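Have a look at the sequence and the fold, and then read on.

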Amino acid sequence: MTSASLRFGLVGTGYWAHMAHAPALASTDGIELAAVWGRDPRAAAALAAEYRATPHEDIETMLAAVDGVAFAVPPDVQAPIAAAAARAGKHLMLEKPIATTDAGADELAAAVAEAQVASVVFFILRFRAEIRAWLADVTARGGWTGALSSWFGSSLLDSSPFNTPWRRDKGALWDLAPHIIALLWAALGPVTSVTADAGPADVSHLILHHLGGPSSTVTVSQNGGEAAAGFEAYLWSDAGRSVVPRLPDDPLPPLRTALAELAGNIRSGRTGHPGDVGFGRDVGHVVAEAQRQILARRPG
Ligand SMILES: NC(=O)c1ccc[n+]([C@@H]2O[C@H](COP(=O)([O-])OP(=O)(O)OC[C@H]3O[C@@H](n4cnc5c(N)ncnc54)[C@H](OP(=O)(O)O)[C@@H]3O)[C@@H](O)[C@H]2O)c1
């Protein structure tokens, strides 16, 4: 930490704040974890004490004391707080999905654009070094016909620390599909349409069309059981397949990369980033349309 460090406040005091955002903020060059806010003041005080940060009971007071804000709260809690932070001129390290409604995502993206603050959304696959190298290779080669992908998680098991109310409510469609859409968007081009249906065990199936012609499929579930858990994805063409590297086993290196890129943009006055709030909004619109179709197909 130097006198020139950017001061960040953390919103949220749950498992993900403890195991990812707080340690990443505290260990990224040029960033200081200066403040913590949570709805439970005792949890905020305990997390802040671990990092010699200042706990805040009032979010406005925290916003006044920082340059940027990182989020580890449910998406529809994040969206209005992040919009208020942007209006207060604070830069944003956001979580995916940025909201679970088109209106929430649009309002946040508009607030960020109007305030001209920098933003990055932590689509974790896009910040893993091995996946970035793979993306650079497959986009340089081009010519892909499409992709197949599946991600079966186990977050809805009783024993999982990720078994949180918003995830139980929104499922893998909102939790896991944004990660894969963000990846396939970069690999195959912008998504121009989605067709979606659901199956048992929190399964959502998405068919995506990408600008210029490629198509891809995404199947996600957070409740298929531990024995079936796993992530698989590959691009294909008549020349063969290219398999996406495995998922990150430690969120800290990719999160530090995201934070370092956000800090770099803040210092140089840039607001645009390939994974900024506008991209988060666009990914969210695809998921929201998939959600509408799944609800419309549901019997009775
Ligand atoms: N990028 C990734 O790879 C990745 C991985 C995991 C999670 N995430 C994202 O991180 C976010 C949080 O994840 P999570 O669900 O697993 O949560 P979590 O870590 O359990 O944390 C939830 C936090 O939000 C707080 N909270 C819940 N409802 C609230 C409300 N109405 N007002 C204020 N605070 C509230 C909780 O407070 P209490 O403790 O008082 O309940 C807790 O501090 C989600 O957006 C998720 O998508 C991203």
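## Around the ligand

Three helices, α1 (15-26), α4 (75-87) and α7 (165-175), each contribute at least two residues to the shell around the ligand. Helices here are DSSP runs of H or I with at least four residues, strands are runs of E with at least two, and both are numbered from the N terminus. With three residues, α7 gives the most to this shell.

A word on the source: this is a predicted model, in which local features need pLDDT of at least 70 and side-chain atom pairs count only at pLDDT 80 or more, while totals for chains, interfaces and linings use all residues. Residues are numbered from 1 along each chain as its sequence is written, and side-chain values use heavy atoms, with hydrogens and water left out.

There are 21 residues around the ligand, and Arg39, Lys96, Thr164, Trp166 and Arg167 come nearest. A residue counts as near if one of its heavy atoms lies within 4 Å of the molecule. By type, the shell divides into eleven nonpolar, five polar and five charged residues. In this grouping, Asp, Glu, Lys and Arg are charged, Ala, Val, Leu, Ile, Met, Phe, Trp, Tyr, Cys and Pro are nonpolar, and the others, Gly among them, are polar.

| Residue (backbone atom) | Ligand atom | Distance |
|---|---|---|
| Thr13 | oxygen | 3.0 Å |
| Lys96 | oxygen | 2.7 Å |
| Phe122 | nitrogen | 3.0 Å |

Of the 930 Å² of accessible area that the ligand has on its own, the protein covers 80%; such areas come from the Shrake-Rupley method with a 1.4 Å probe.

## Backbone details and a salt bridge

Pro97 is in the loop between β5 (91-94) and α5 (102-115). Arg52, in the loop between α2 (41-50) and β3 (54-56), has a positive phi of about 55° although it is not a glycine.

The model has twelve salt bridges, each a side-chain nitrogen of Lys or Arg within 4 Å of a carboxyl oxygen of Asp or Glu. One joins Arg141 and Asp137 at 2.7 Å, N to O. Both residues lie in α6 (residues 129-141), four residues apart, about one turn of the helix.

Key: Polar contact = N/O pair within 3.5 Å; in protein donor to acceptor, adjacent residues only side chain to side chain.
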